[in-house]
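Please open the model in your viewer and keep the selection panel at hand.

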Amino acid sequence: MSKAITSRQQDYSQWYNDLIIKSGLADYSSVRGCMVIKPYGFALWENMQRQLDKMFKETGHQNAYFPLFVPKSLFEAEEKNAEGFAKECAIVTHYRLKNDPDNKGKLIVDPEARLEEELVIRPTSEAIIWNTYKNWIQSYRDLPILINQWANVVRWEMRTRLFLRTTEFLWQEGHTAHATQQEAIDETIQMLHVYADFAEQYMAVPVIKGVKTENERFAGAVETYCIEALMQDGKALQAGTSHFLGQNFAKAFDVKFTDKDNTLDYVWASSWGVSTRLIGGLVMAHSDDDGLVLPPKLAPIQVVIVPIYKGEEQKLKIDEKVQVLVQELKAAGISVKYDDSDNSRPGWKFAEYEMKGVPVRIAIGARDLENNVVEVARRDTKEKQSISIDGLSATIIRLLNDIQDKIYKKATAYRDEHITPANQWDEFVQLLDTKTGFIAAHWDGTGETEEKIKELTKATIRCIPLNNTMENGTCILTGKPSTQRVLFARAY
RNA sequence: CGGGAUGUAGCGUAGCCCGGUUAUCGCGCCUGGUUUGGGACCAGGAGGUCGCAAGUUCGAAUCUUGCCAUCCCGACCA
């Protein structure tokens with residue numbers, strides 16, 4: 001069929017691309033590396049946003065908005081941050097076009113409209129935000145500042161992939177300022193837990209909470225915490241990061257405050273973010289060869305109702321019944337769509353909504369009306385059963401919860417099976433090539449060894465898990481002593 | 001930015017090697033009708049800068065050169 005997608009086994013990357021395009025989440029655009037997020041994909045993002053935003057507000061944060069452009073001089077201020085992002089920055093150098101005198105109908109950059117100072121299009125907003133916080137903070141009474149912004153950022157990446165890595169992407173970035181180091185660290189950890197809770201409870205994607213090695217740390221951070229997820233092809237995906245920034249940005253932007261005891265000190269900071277990349281992770285974590293499998297808590301459409309009828313008379317009777325059902329389901333807080341379009345037949349609709357990952361499908365025909373039942377099909381297992389119309393919404397709620405639970409458990413079982421300890425180098429390499437997933441191995445703690453392992457195997461240290469058990473061992477590569485295992489994986 | 005592949009209608013394609021009327025077929029789309037419990041059928045219809053540009057030729061989707069774009073694999077990264 002024209003809508004069929006490549007199987008995972010045949011070509012995992014192609015499967016992923018097919019899925020995104022054919023399920024209507026996004027489309028390629030005419031701008032290299034940039035995609036169009038289509039209504040269905042954006043609805044999914046909005047559901048994620050809504051929940052995250054709620055969680056941010058419950059933890060005391062407020063939303064604000066800062067400019068897209070960052071004057072180059074501000075961008076440079078925090079050296080490590082600037083250096084880290086420099087090679088992926090898009091720069092605005094001019095502010096005007098004019099007609100090309102040599103080529104009618106064409107425009108050229110007006111050389112006279114050169115900016116005195118170039119503007120960097122934000123790859124992240126620490127610089128512009130800390131330059132602003134400077135004006136907001138004098139006293140400990142001004143702290144903490146707990147702000148989040150929903151924004152787009154641009155990072156000029158070499159190679160892009162739909163949702164996972166695009167030149168422009170949507171995200172949220174939290175930027176907080178605190179009077180004490182401990183408070184900033186607590187904030188950093190708190191937000192890591194918020195992300196993990198969101199991933200597990202809403203996306204149904206299990207994640208490992210950990211801390212990054214120095215090599216993988218965010219440019220400008222003292223410590224980077226992360227949540228790492230595992231995709232079905234055994235590659236890891238960094239799903240969110242929360243950074244303890246120490247006083248780095250406060251020093252770069254000279255943000256000091258007077259404490260209760262009248263001492264002057266630099267402000268402590270955190271920043272944290274998740275992006276539309278989460279959509280890519282969500283897709284890769286649960287979906288199958290028939291299309292998306294979306295967790296009910298985030299699915300734009302939770303229930304689709306498909307009528308099956310012969311003739312107008314039956315259709316009218318079904319319509320009548322469905323109107324009641326739709327009211328009932330909506331009243332129960334379920335997002336439901338009645339697809340009675342007559343330009344495609346039931347079989348086509350079944351396949352289409354499976355492609356789109358709608359968790360529950362209800363089919364209702366004349367036969368069902370007589371028996372006072374509907375056919376209910378769940379997307380995750382493809383199981384179908386006849387269910388009484390009476391008290392349907394309660395049944396559907398249970399079913400949605402069960403699907404949410406099942407796909408989380410399935411993903412967790414897969415993830416857990418793919419955390420494998422390795423003690424010998426040969427074993428380590430072989431596991432990466434054959435079993436894939438996370439490999440738990442000892443590491444001597446040096447950046448050089450990490451780099452070497454990356455060169456040899458393309459695997460990186462995804463994180464040092466929080467609450468890691470301490471055990472003595474020897475580094476998988478160098479044989480030097482180590483006190484704990486870290487998680488290696490090939491990653492997106 | 002290196003390596004590989006591919007560009008023909010909205011999508012998928014035939015034709016290209018060996019140049020020759022009006023560019024093939026399927027899906028989708030439009031109109032009318034019959035249908036509807038797993039991707040319907042009949043009849044009619046619309047839809048094309050053959051990626052772009054030069055060149056060779058009486059003649060180019062087809063040959064030559066250059067360019068562009070996209071995808072995949074790397075390096076870089078969320």
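Predicted model: local features only at pLDDT ≥ 70, side-chain atom pairs only at ≥ 80, totals over all residues.

Select Lys349 together with Val306, Pro307, Asp339, Asp340, Ser341 and Ser344, the residues that Lys349 touches when those up to four places away in sequence are not counted; contact means heavy atoms within 4.5 Å. Lys349 belongs to helix α10, residues 346-355. Helices (H or I, at least four residues) and strands (E, at least two) are DSSP runs, numbered from the N terminus. With a relative accessibility of 3%, Lys349 counts as buried. Buried means under 20% relative accessible area, exposed over 50%, and partly exposed in between, with a 1.4 Å probe and protein chains only.

Residues are numbered from 1 along each chain as its sequence is written, chains are lettered from A and ligands numbered from 1 in the order in which they are written, and side-chain values use heavy atoms, with hydrogens and water left out.

**The whole chain**

Zoom out to chain A, whose secondary structure comes to 14 helices and 26 strands. Along the principal axes, the C-alpha atoms fill a box of roughly 80 × 70 × 55 Å. A compact globule of 492 residues would have a radius of gyration near 23 Å, and the 26 Å of chain A agrees with this. That radius is taken over C-alpha atoms, and the globule rule is 2.2 Å times the number of residues to the power 0.38. Of the 492 residues, 53% count as buried. Among contacts between residues at least 6 apart in sequence, 68% join residues at least 24 apart.

**Arg122 and helix α5**

Next, select Arg122, in the loop between β8 (114-121) and α5 (126-136). Leaving aside residues up to four places away in sequence, the contacts of Arg122 include Tyr65, Phe66, Gln149, Asn152 and Glu173.

Continue into α5, where eight of the 11 residues are buried, so this helix is largely enclosed by the rest of the structure. Among its buried residues are Ile128, Ile129, Trp130 and Tyr133. Then select Leu143 and Pro144: the peptide bond between them is cis, with omega near -5 degrees. Pro144 is found in the loop between α5 and β9 (145-154).

**Salt bridges**

Side chains of opposite charge can pair when their charged atoms come close. A search of the whole structure finds 23 salt bridges.

Select Arg96 and Asp110, whose side chains meet in a salt bridge at 3.2 Å, N to O. Arg96 lies in the loop between β5 (91-94) and β6 (97-99) and Asp110 in the loop between β7 (107-109) and β8, so the pair ties together parts that are 14 residues apart in sequence. Arg96 is partly exposed at 39% relative accessibility, whereas Asp110 is buried at 7%.

Move to Lys212 and Glu228, a salt bridge with its closest N and O atoms 2.8 Å apart. Lys212 lies in the loop between β11 (208-211) and β12 (223-230) and Glu228 in strand β12, so this pair ties together parts that are 16 residues apart in sequence. Lys212 is buried at 2% relative accessibility, and Glu228 is buried at 0%.

Arg415 and Asp416 form another salt bridge, with the closest N and O atoms 2.9 Å apart. Now select Lys212, Glu216, Glu228 and Arg462, which are joined into one network by salt bridges that share partners.

**Two asparagines**

Finish with Asn262, which has a positive phi of about 65 degrees although it is not a glycine. Asn262 sits in the loop between β14 (256-258) and β15 (264-266) and is exposed, at 62% relative accessible area. Asn372, likewise not a glycine, has a positive phi of about 60 degrees. Asn372 is found in the loop between α11 (366-371) and β20 (373-378) and is partly exposed at 27%.

How values were computed. Salt bridge = Lys/Arg side-chain N within 4 Å of Asp/Glu carboxyl O.
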